[in-house]
Amino acid sequence: MAVTLSIIIPLYNAESYIVETIKSVVNKIPDNVEVIIVNDGSTDNSVALIKSEFSPHLNSGKLLLLEQPNSGVSVARNTGIDNSKGDYITFVDADDLLFKEYYDSVFSVINSTAPDIIDIGFRR
């Protein structure tokens, strides 16, 4: 199946919340969505946590974990873009959570209007 949406998560020293973030992203993830995590030179246990908690997702290719020396969030996002296959790209920070309705909302817009840009709000 073709990839419609690429979710890029820049990662730097987020061991306190990265597992919860990724759980929210992979919850009810459609087949046409890929998740690219770009480790930007983390020095904590973030990568080890991802590898232990999400090994089935990593092994299936549903999650892609890329590594780079610390270069900043913009470079990490660009690395994700360079490796993405989706028609649409979105960014999720390592401390963000997706609502359970996220995919339904995004694909409702994509499938009805095929927009160039989708702007989605947030809550604290």
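S42 lies in the loop that joins β2 to α2 (46-53); helices (H or I, at least four residues) and strands (E, at least two) are DSSP runs, numbered from the N terminus. The model is predicted: local features need pLDDT of at least 70, side-chain atom pairs count only at pLDDT 80 or more, and totals for chains, interfaces and linings use all residues. Residues are numbered from 1 along each chain as its sequence is written, and side-chain values use heavy atoms, with hydrogens and water left out.

**Exercise 1.** Determine whether S42 is buried or exposed, and list its contacts.

Solution. 
- Step 1: The relative accessible area of S42 is 16%. Buried means under 20%, exposed over 50%, and partly exposed in between (1.4 Å probe, protein chains only), so S42 is buried.
- Step 2: Leaving aside residues up to four places away in sequence, S42 touches L11, Y12 and N13; contact means heavy atoms within 4.5 Å.
- Step 3: The S42 side chain reaches the backbone nitrogen of N13 at 2.9 Å. With the side chain of N39, the S42 side chain makes a polar contact at 2.7 Å. A polar contact is a pair of N or O atoms within 3.5 Å; within protein, one must be able to donate a hydrogen and the other to accept it, and residues adjacent in sequence count only if both atoms are side-chain atoms.

**Exercise 2.** Compare the span of α5 with the expected value, then describe its buried and exposed residues.

Solution. 
- Step 1: The expected span is 1.5 Å times one less than the number of residues.
- Step 2: Y102, Y103, V106, F107 and I110 are the buried residues of α5. Viewed down the axis of α5, they fall within an arc of 100 degrees, so they line one face of the helix; the arc is that of the directions from the helix axis to the C-beta atoms.
- Step 3: These buried residues pack against β1 (5-11), α1 (18-26), β2 (33-40) and β4 (88-91). On the other side of α5, D104, S112 and T113 are exposed.

**Exercise 3.** Which elements have the lowest and highest mean pLDDT?

Solution. 
- Step 1: pLDDT is the predictor's confidence in each residue, from 0 to 100. The chain mean is 92, and 94% of residues reach 70 or more.
- Step 2: Among the elements, α5 has the lowest mean (88) and helix α4 (residues 73-82) the highest (98).
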